[in-house]
Amino acid sequence: MNKGALALLVHGGTDNWSPERWKTRFEAVCGGRPVWRIPDRDCNPADVHYAAVWKPAPGELAAFPNLRVIFNLGAGVDALMADKTLPRVPLVRISVDDLTMRMTEYVVLHVLMHHRQELYLRACQREKRWEPRVQWAANAISVGIMGLGTLGSAAAGALRHLGFRVSGWSRSPKNIAGIECFHGEGQIDAFLRQANILVSLLPFTPDTRHILNRGLFAKLNRNSPLGAPVLINAGRGGLQNEADILACLDDGTLGAVSLDVFETEPLPSDSRFWTHPKVILTPHNAADTDADEISKYVAQQIERFEAGQALENVVDSARGY
Ligand code: NDP
Ligand code: OXD
């Protein structure tokens, strides 16, 4: 019997993320299954059982009448959730150790940059000033992580290991050794009250849109050697109210920010974020995952599915993540 085909809907990526590279990769791991790079006139949409996608055009997936599973080639599914024509089949998101470890690197790097006063020290270097400031220990700082899922819980563990006081906030209750866990609307203020550095690893959903705003920043803890609190956002740009972030940096409500994600990407050249002295920005590459690992993960999930086993990391469309 012919294997159901895999349709690849990745448009316009370069190098490692080019559609051609994805096709070669999937052909290598899919054991003889036809892999079609869409659009392709020779592909019969009825033969397609699986789709591997990154930001497909809205409505594009509705063209496959026999689709069984959609695989999103990233962890965040907000772009797909916005497509009202998305076929009602399981949507699987990426959760691989390679991605998780890279995000942990990003979070640890940026927490340390602020904790170790890197903005100040680099300014001193540029100005040839030998003016050391007191450096406090990690346990003087409380890091609060919004989102205690795959990425947030791994980053929390690594920061704890370095000696930071770490807490987290999620939708449902959690019990993670060494991490003070808060959940839900009812506990968010208590969570914010003790966080000196706030790390956002939330998904972008209707509930989390612009959750990072002035009202929330004003509740963060200012009683640490850092003085004003710090924000690190590697979740999605839609989580943040960007006008509020800039105003809060200017008036001292926030001391500094690290941002990997923005409401408009690429970040427009006239954005004040580019040149603001209290901003460290990166071009949405906090967890630039090994694409070979992703294709292997998708092939394994298809094998599980065809063997009658449960798919892993299926998105709950009601929650939106
Ligand atoms: P998970 O689904 O594993 O975790 C999401 C966490 O957010 C969960 O703990 C969840 O709570 C919590 N959460 C969701 N909604 C709410 C809410 N309304 N209130 C409180 N908590 C909430 O996702 P991942 O950890 O794998 O990824 C998180 C996000 O990181 C992705 O959605 C994506 O946007 C972003 N990302 C960014 C990358 C980058 O390079 N910048 C790379 C990869 C991902 P609960 O546990 O109770 O469900
Ligand atoms: C992801 C991302 O969602 O890269 O995986 O942002």
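Begin by selecting leucine 311, which is buried, with a relative accessible area of 16%. Because buried here means under 20% relative accessible area, this residue falls in that class at its value of 16%. The model is a predicted one. Leucine 311 belongs to the segment that comes after α9 (291–306).

Next, select threonine 253, in the loop that joins α8 (242–251) to β11 (256–259). Threonine 253 also counts as buried, its relative accessibility being 13%. Display the side chain of aspartate 251 as well; the side chain of threonine 253 makes a polar contact with it at 2.6 Å.

**Helix α4**

Move to α4, which spans residues 118–126. Which residues of this helix are buried? They are Tyr120, Ala123 and Cys124. Turn the view until it runs down the axis of α4: the buried residues fall within an arc of 100°, and therefore line one face of the helix. Following α4, select lysine 128, whose phi is positive, near 55°.

**Ligand 1**

Select ligand 1 and show its surroundings, a shell of 30 residues. The closest of them are Thr150, Ser172, Lys174, Asp260 and Tyr321. By class, this shell comprises 14 nonpolar, nine polar and seven charged residues.

A nitrogen atom of ligand 1 lies 2.8 Å from an N or O atom in the side chain of aspartate 260. At arginine 171, a backbone N or O atom is 3.0 Å from a nitrogen atom of the ligand. At glycine 235, a backbone N or O atom is 3.3 Å from an oxygen atom of ligand 1. Taken alone, ligand 1 exposes 940 Å², of which the protein buries 92%.

Colour the secondary structure elements next. Helices α3 (97–115) and α5 (150–161), together with strand β7 (165–170), each supply at least two residues of the shell around ligand 1.

**Ligand 2**

Finally, select ligand 2, which is surrounded by Trp54, Gly74, Ala75, Gly76, Arg236 and His284. By class, the shell holds two nonpolar residues, three polar residues and one charged residue.

Show the polar atoms around this ligand. A polar backbone atom of alanine 75 is 2.7 Å from an oxygen atom of ligand 2, and a polar backbone atom of glycine 76 is likewise 2.7 Å from an oxygen atom of the ligand. From arginine 236, a polar side-chain atom lies 2.7 Å from an oxygen atom of ligand 2. The ligand exposes 210 Å² when taken alone, and the protein buries 80% of that area.

Notes
Residues are numbered from 1 along each chain as its sequence is written. Chains are lettered from A and ligands numbered from 1 in the order in which they are written. This is a predicted model: local features need pLDDT of at least 70, side-chain atom pairs count only at pLDDT 80 or more; totals for chains, interfaces and linings use all residues. Side-chain values use heavy atoms; hydrogens and water are left out. Buried means under 20% relative accessible area, exposed over 50%, partly exposed in between (1.4 Å probe, protein chains only). Helices (H or I, at least four residues) and strands (E, at least two) are DSSP runs, numbered from the N terminus. The arc is that of the directions from the helix axis to the C-beta atoms. A residue is near a molecule or strand if one of its heavy atoms lies within 4 Å of it. A polar contact is a pair of N or O atoms within 3.5 Å; within protein, one must be able to donate a hydrogen and the other to accept it, and residues adjacent in sequence count only if both atoms are side-chain atoms. Accessible areas come from the Shrake-Rupley method with a 1.4 Å probe; for residues, only the protein chains shown count as cover. Ala, Val, Leu, Ile, Met, Phe, Trp, Tyr, Cys and Pro count as nonpolar, Asp, Glu, Lys and Arg as charged, and the others, Gly among them, as polar.
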